[in-house]
Amino acid sequence: MGIVRVVDETTAGRRSDGWGLEVAEHRLTVGELIRRRVVQEVAEYNARTPEVFRGLVQPQDTQRVPNGYALRTPRRIDPEVQTERALAAFAGNGFLVLVGDRQVTDPAEEVELALGTEVTFLKLVPLVGG
C-alpha cells in the first residue's frame, strides 16, 4: 500500500498544503482516483460534521464560503452523489487533474501511481465579466 499526495490548486493562485490518499494499487483509472478522493473527504466530513465542507466539488444546497462550502442545514453528505457531481464537473472542465506534471483528461485512462506521486486537482475559477 502506498500514499499519493493530493493537492488542490486554483487558477487564482491558491494551493493547499495537500494530504495523503492511501492507494493499494500501482495503477488506477482517473475516474477511480477521483472517486476515492471524494469518498475519503466525505467520510472525514461525515465523521466530524464541521460547519464547512472542504471538498473537490460543491455539495447540493450549500453556499460557497472562502474556505469551502457551508451547509445550509447540517447533514451527512452522500459520497455517491458527491462522486457523481465530481465526475460530471471533471467531464465539464470544472477542474483539471495532473498526475505528476502530466494532465490527464479521460476518466477511463489508467495512471501510474508510484509512491509519493503528487496528484493535483486544479479548480478552474470562472472569469468575472467574461
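**A short tour**

Guide: Let's start with valine 7, which sits in strand S1; helices (H or I, at least four residues) and strands (E, at least two) are DSSP runs, numbered from the N terminus. This is a predicted model, where local features need pLDDT of at least 70 and side-chain atom pairs count only at pLDDT 80 or more, while totals for chains, interfaces and linings use all residues. Residues are numbered from 1 along each chain as its sequence is written, and side-chain values use heavy atoms, with hydrogens and water left out.

Visitor: Is valine 7 buried or exposed?

Guide: Buried means under 20% relative accessible area, exposed over 50%, and partly exposed in between (1.4 Å probe, protein chains only). Valine 7 has 0% relative accessibility, so it counts as buried.

Visitor: And what about asparagine 93, buried or exposed?

Guide: You'll find asparagine 93 in the loop between H2 and strand S7 (95-99). Its relative accessible area is 51%, so asparagine 93 is exposed.

Visitor: Which residues does valine 7 touch, leaving out those up to four places away in sequence?

Guide: Contact means heavy atoms within 4.5 Å. With residues up to four places away in sequence not counted, valine 7 touches Arg15, Ser16, Gly18, Glu118, Val119, Thr120 and Phe121.

Visitor: What is the volume of the largest pocket?

Guide: On a 1 Å grid over the protein atoms alone, a pocket is an open set of points with protein on both sides within 12 Å along at least five of seven lines; lining residues have an atom within 4 Å of a point. Grid points are joined across faces, edges and corners, and a volume is the space filled by probe spheres set on the points. For the largest pocket, that comes to about 1000 Å³.

Visitor: Which element gives the largest share of its lining?

Guide: The largest pocket is lined by 37 residues. The largest share, 5 residues, comes from H1.

How values were computed. On a 1 Å grid over the protein atoms alone, a cavity is a set of points where a 1.4 Å probe fits but cannot get out, and a pocket is an open set with protein on both sides within 12 Å along at least five of seven lines; lining residues have an atom within 4 Å of a point.
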